Amino acid sequence: MDTYPLTNFPDIRKKSVIHSAHGVLMIIPREGGSLARFYIELHSSTVPKSVTLAQLQESARKIFNPYELEFADTYWWSAYSIGQRLAERFHEQERVFLAGDACHTHSPKAGQGMNTSLQDGYNIGWKLGQLLSGRASASLLSTYLLERQKIAKTLIDFDRVWAKQIAAGKSVGDDGKEVDFSETFNNAEKLERLGEYLYSTPISLISKFTKPEEDIDSFIETIVILSGNRTETQQDQIPPCFMPVSGKYRMRDIHKIYIDDESYNYGHGHAYEFYGIDPDKGAIVIVRPDHLDVKIDGGAKGFKFNMILRE
Ligand SMILES: Cc1cc2nc3c(=O)[nH]c(=O)nc-3n(C[C@H](O)[C@H](O)[C@H](O)COP(=O)(O)OP(=O)(O)OC[C@H]3O[C@@H](n4cnc5c(N)ncnc54)[C@H](O)[C@@H]3O)c2cc1C
């Protein structure tokens, strides 16, 4: 289902898989910052047509437990059975050709179905074009089968392994040990003080420049960039004022917190080093609406804004 989740689950904006005694759920963050796709595996005896949205939501809630989960809205949902199927033949006498899901179907979790289908279409498309315009002989068409059938088989084989791996993963915390993060997040107190200074009362800096009917981040938006290791930082150690509830669905916006950690994909997180900021002191950078940096100041302590704004 494509849904707007209200949750305190920390990795809701990351591709992640949750394994629990209640089942397996895969999260794929979708465009726009708040929509997420959930893939939920139901029991193999489930009849897809009998599934209701309420059942899916209840399964998701159980899998998320002990994290909270509610649904502000659900944009799309569906229940279907997954089958890894490969057509025996991809053409009929080289007069009719099968492409896409008509000749290979599998689980959608690896995001390969449409990609492979488009490539099938492109492959047969240019060959038919060359034949019909008289630049190639009919024998060119046999290369469609040669090229695309083995791709489809590789895809299905990959999907079998992938689907099994996702279903068989070990639960986080299987050993029952709790991890104490309090030692690892050294600047929590400093961040707390900054949050109070910016937000805590109606005359605090950000509150006083924001109209009561507006979202708290609509005029001045704070972005927190922490140094350290993402996996050693708990979301609930970050003062909630830096993840304000906003927008149509009143969702907590966690896109305002970043960690200057090593990247898990490409590139790296050396922002502190690059900008010459001491991680123990930190810095505040004020960025104007035209993206020009107007002030850098070391540390939150004693920091004062000198702004030319009307309250
Ligand atoms: C939940 C989900 C998520 C997915 N996510 C991804 C992803 O992230 N990345 C990715 O690459 N792929 C993804 N896929 C797979 C992708 O959607 C399919 O592989 C792709 O749509 C296949 O394209 P197709 O043209 O072969 O078939 P389809 O898109 O199924 O098109 C076939 C069309 O033919 C029509 N039709 C059927 N019978 C008839 C008839 N008798 N007469 C006339 N018309 C008919 C159907 O209505 C349909 O419009 C996902 C699939 C699902 C279900």
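**Close-up 1. Residue classes in the shell around the ligand.** In this predicted model, the shell around the ligand is made up, by class, of 5 nonpolar, 6 polar and 2 charged residues. Of the 13 residues around the ligand, those that come nearest are Tyr39, Asp101, Gly113, Met114 and Asn115. Both domain 1 (2-76) and domain 2 (85-168) take part, each contributing at least three residues to the shell around the ligand. Among the secondary-structure elements, strand E4 (36-40) and helix H2 (113-132) each supply at least two residues of this shell, and H2 gives the most, with 4 residues.

**Close-up 2. Polar contacts between the protein and oxygen atoms of the ligand.** Gly113 takes part through its backbone, where an N or O atom lies 3.3 Å from an oxygen atom of the ligand. Taken alone, the ligand exposes 1,000 Å², of which the protein buries 37%.

**Close-up 3. The cis peptide bond between Asn65 and Pro66.** The peptide bond that joins Asn65 and Pro66 is cis in the predicted model, with an omega of about 15°. Pro66 belongs to the loop that runs between helix H1 (53-64) and strand E5 (69-76).

Close-up 4. Gln93 counts as exposed because its relative accessible area of 65% is over the 50% cut-off. Arg250, likewise not a glycine, also has a positive phi of about 50°, and its place is the loop between strand E11 (245-246) and strand E12 (251-252). With a relative accessibility of 43%, Arg250 falls between the cut-offs of 20% and 50% and is therefore classed as partly exposed.

Close-up 5. Cys103 is classed as buried because its relative accessibility is 1%, a value under the 20% limit. Cys241, by contrast, has a relative accessibility of 21% and so counts as partly exposed.

**Close-up 6. Ser204 and the backbone of Ser200.** Ser204 is located in the loop between helix H4 (188-199) and helix H5 (205-208). A polar atom of the Ser204 side chain lies 3.2 Å from the backbone nitrogen of Ser200. The relative accessibility of Ser204 is 7%, so this residue counts as buried.

**Close-up 7. Val285 and its separation from Ile223.** Val285 is placed in strand E14, which covers residues 283-287. In sequence, Val285 and Ile223 are 62 residues apart, while in space their C-alpha atoms are 9.6 Å apart. The relative accessible area of Val285 is 38%, and the residue is therefore described as partly exposed.

How values were computed. Residues are numbered from 1 along each chain as its sequence is written. This is a predicted model: local features need pLDDT of at least 70, side-chain atom pairs count only at pLDDT 80 or more; totals for chains, interfaces and linings use all residues. Side-chain values use heavy atoms; hydrogens and water are left out. A residue is near a molecule or strand if one of its heavy atoms lies within 4 Å of it. A polar contact is a pair of N or O atoms within 3.5 Å; within protein, one must be able to donate a hydrogen and the other to accept it, and residues adjacent in sequence count only if both atoms are side-chain atoms. Accessible areas come from the Shrake-Rupley method with a 1.4 Å probe; for residues, only the protein chains shown count as cover. Ala, Val, Leu, Ile, Met, Phe, Trp, Tyr, Cys and Pro count as nonpolar, Asp, Glu, Lys and Arg as charged, and the others, Gly among them, as polar. Domain bounds come from an automatic or database domain assignment. Buried means under 20% relative accessible area, exposed over 50%, partly exposed in between (1.4 Å probe, protein chains only).
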